[in-house]
Amino acid sequence: MKISKICCIGAGYVGGPTMAVIAQKCPHIQVTVVDINQARIDGWNDENLENLPVYEPGLDAIVAEARGRNLFFSTDVNKAIKEAEMIFISVNTPTKTYGEGRGQAADLKWIELCARQIAAAAESDKIVVEKSTLPVRTAEAVKDILDNTGHGNKFQILSNPEFLAEGTAVEDLLAPDRVLVGGEMSPEGREAMQALVDIYAHWVPRERILTTNVWSSELSKLTANAFLAQRVSSINSISELCERTEADVSEVGRAIGADSRIGPKFLQASVGFGGSCFQKDILNLVYICRRFGLIEVADYWEQVIKMNDHQKARFAKNIISHLYNTVSGKKIAMLGWAFKKDTNDTRESAAIYVADHLLRENAKLCIYDPKVSKEQILNDLNYLNTRTPEENEAMVEIVTDPYQACKDSHAIAVLTEWDEFKDYNWDIIYSSMLQPAQLFDGRNFLDHDKLQEIGFRTFTIGKII
Ligand code: NAD
Ligand code: UGA
């Protein structure tokens with residue numbers, strides 16, 4: 001089966017970049033990305049590529065090449081469904097905030113809405129591809145809806161989870177470690193899988209395109225994120241022990257990472273992992289295990305989240321204790337708000353929780369992030385509901401100049417590893433601060449020797465300096 005028209009429902013961090021790369025690599029396929037969010041679609045269609053709704057290095061060039069040729073962004077969901085032979089579902093699947101499974105289970109209401117809309121709008125047979133991260137066995141529910149609410153058309157459901165990381169989305173999409181395609185093991189299922197494999201084969205070596213049954217594919221995505229997050233929590237747990245024993249977590253990471261069975265990646269101790277997915281996907285895994293009565297398995301994975309919460313709180317408490325146990329009324333500069341560098345995404349960023357902790361102690365925060373807007377920072381704080389929006393606005397200043405953020409502050413907390421932070425004139429910053437000037441590097445990446453030479457009292461994760 002040759003696919004000539006694709007539609008993707010959901011123009012977010014996954015739908016946008018993924019479809020842009022498919023369109024770039026497959027000029028003969030018409031790719032339409034649809035969303036109910038008009039502002040997002042307007043952003044994707046904006047002539048000024050700086051206004052794309054997702055910031056990813058290299059994405060603007062790919063969009064510029066394919067947009068208007070075979071890549072389109074629209075809010076007309078039904079039209080795109082009707083025209084496409086293959087429909088990706090790439091909508092959000094956040095943690096449920098209400099009812100059964102609140103705080104753990106994935107909220108699948110947007111997935112169900114998509115399935116119902118596809119069934120209602122489709123006028124021919126379709127291949128429906130789960131791109132969103134979903135609990136294992138979701139394809140069963142999607143198929144049930146499609147088969148029972150449509151007009152007699154046939155649907156094949158594939159699972160094709162996305163493994164890109166934000167900040168490196170384009171690199172990851174252009175040269176993925178693997179692409180995973182799960183499908184039904186029937187002749188029709190295999191044909192559908194082949195159609196999707198053929199699309200990726202335009203740029204991904206065949207041996208990197210793995211095919212499995214649907215359930216393995218769905219579960220592999222949750223498992224991959226759980227393993228990755230577990231590595232971060234593992235090294236972070238060791239970072240605390242390093243701080244008590246004069247071991248250096250970077251040295252420990254290097255030493256264990258040299259073992260090819262362990263490998264060097266994802267051993268960077270930090271203020272805690274953030275991002276939209278690690279926490280949500282592990283919570284979802286925990287929820288699924290509990291539902292199956294697998295209490296020990298659930299408890300095992302839950303510990304990864306507990307360790308992460310501990311790491312964020314520990315960082316904030318450390319700041320307070322070094323500021324003589326009170327930050328009340330003190331200006332603290334926060335450099336970085338995004339959950340990692342090279343993205344404007346702030347979902348579950350450690351910075352949000354550190355800020356909230358400091359604000360509970362009546363600190364006055366001055367925040368700078370090179371890619372995150374003032375509005376977004378305030379939204380993130382307001383979403384916690386710890387205090388009123390007016391109170392947040394009164395206690396938090398958000399600036400576009402890092403030097404202004406640091407001026408007259410008692411301490412600087414570095415929350416994101418933005419490259420530009422390394423190149424600041426730290427002499428100027430030091431002399432503009434209240435003394436003793438303290439700096440807390442939550443990413444363990446600045447030049448601490450140099451900072452100490454300037455006069456800073458510096459503290460970092462997993463190392464006594
Ligand atoms: P996102 O919130 O950035 O984008 C989702 C989009 O779907 C939104 O723009 C929303 O308006 C749209 N949408 C929701 N319901 C819709 C509907 N019925 N019709 C049309 N549009 C609809 O989310 P994201 O970060 O792109 O994540 C999407 C999925 O991919 C999630 O399941 C996530 O777990 C998974 N994932 C995310 C990443 C990542 O790096 N962000 C990586 C791998 C997998
Ligand atoms: C992660 C996975 O890496 C992707 O494979 C996956 O597709 C994605 O989640 C998803 O499902 O959403 P992402 O969250 O974008 O990608 O970014 P990561 O690079 O994994 O970083 C996650 C968090 O862990 C960040 O806050 C980062 O700073 C932190 N981290 C990462 C560390 O603290 N130490 C490390 O060594 C690595």
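Biologist: Which residue of β14 is the bridge partner of Gln438?

Modeller: The model is predicted. Strand β13 covers residues 438–441 and pairs with β14 in the parallel sense over 4 bridges. Within β14, the residue bridged to Gln438 is Arg457.

Biologist: Which strands form the edges of the open sheet of 6 strands?

Modeller: The order in this open sheet is β11-β10-β9-β12-β13-β14, with parallel pairing. From one strand to the next, the twist averages 20°. An edge strand pairs on one side only, and this applies to β11 (396–398) and β14 (457–460).

Biologist: At about what angle to β13 does helix α12 run?

Modeller: Helix α12 comprises residues 295–322 and lies across β9 (331–335), β12 (411–414), β13 and β14. Relative to β13, the helix runs at about 170°.

Biologist: How far apart are the end C-alpha atoms of residues 333–448?

Modeller: An unreviewed UniProt entry lists residues 333–448 as "domain: UDP-glucose/GDP-mannose dehydrogenase C-terminal". Over this range, the chain is 36% helix and 16% strand. The distance between the end C-alpha atoms is 18 Å.

Biologist: Are α5 and α6 roughly parallel or roughly antiparallel?

Modeller: Two packed helices are described by the angle between their axes and the distance between the axes. The axes of α5 (residues 109–121) and α6 (residues 138–149) come within 8 Å and cross at roughly 30°. Angles under 35 degrees count as roughly parallel, so the relation of α5 to α6 is roughly parallel.

Biologist: What is the handedness of this crossing, right-handed or left-handed?

Modeller: The contact involves residues of α5 including Ile111, Ala115 and Ile118, together with residues of α6 including Val142, Ile145 and Leu146. The crossing of α5 and α6 is right-handed.

Biologist: Is Asn70 buried or exposed?

Modeller: Asn70 is placed in the loop between α3 (59–66) and β3 (71–74). Beyond neighbours within four places in sequence, Asn70 is in contact with Ala23, Cys26, Pro27, Ile29, Gln30 and Val31. Buried means under 20% relative accessible area; because its relative accessibility is 3%, Asn70 counts as buried.

Biologist: What is the relative accessible area of Cys277, which UniProt lists as "active site" in an unreviewed entry?

Modeller: Cys277 is found in the loop between α10 (249–257) and α11 (278–291). Not counting residues up to four places away in sequence, Cys277 touches Asn225 and Ile282. The residue is partly exposed, and its relative accessible area is 26%.

Definitions and conventions:
Residues numbered from 1 in each chain as written. Chains lettered and ligands numbered in written order. Predicted model: local features only at pLDDT ≥ 70, side-chain atom pairs only at ≥ 80, totals over all residues. Heavy atoms only, no water. Pairing = 2+ DSSP bridges. Helix = DSSP H or I, 4+ residues; strand = E, 2+ residues; numbered from the N terminus. Axes fitted to C-alpha atoms, helices over the stretch in contact; angles between N-to-C directions. Contact = heavy atoms within 4.5 Å. UniProt positions renumbered as here; feature names shortened; annotations may be inferred. Buried < 20%, exposed > 50% of the residue type's maximum accessible area, 1.4 Å probe, protein only. Parallel < 35°, antiparallel > 145°, perpendicular 65-115°, else oblique. Left-handed = near helix turned anticlockwise from the far one by under 90°.
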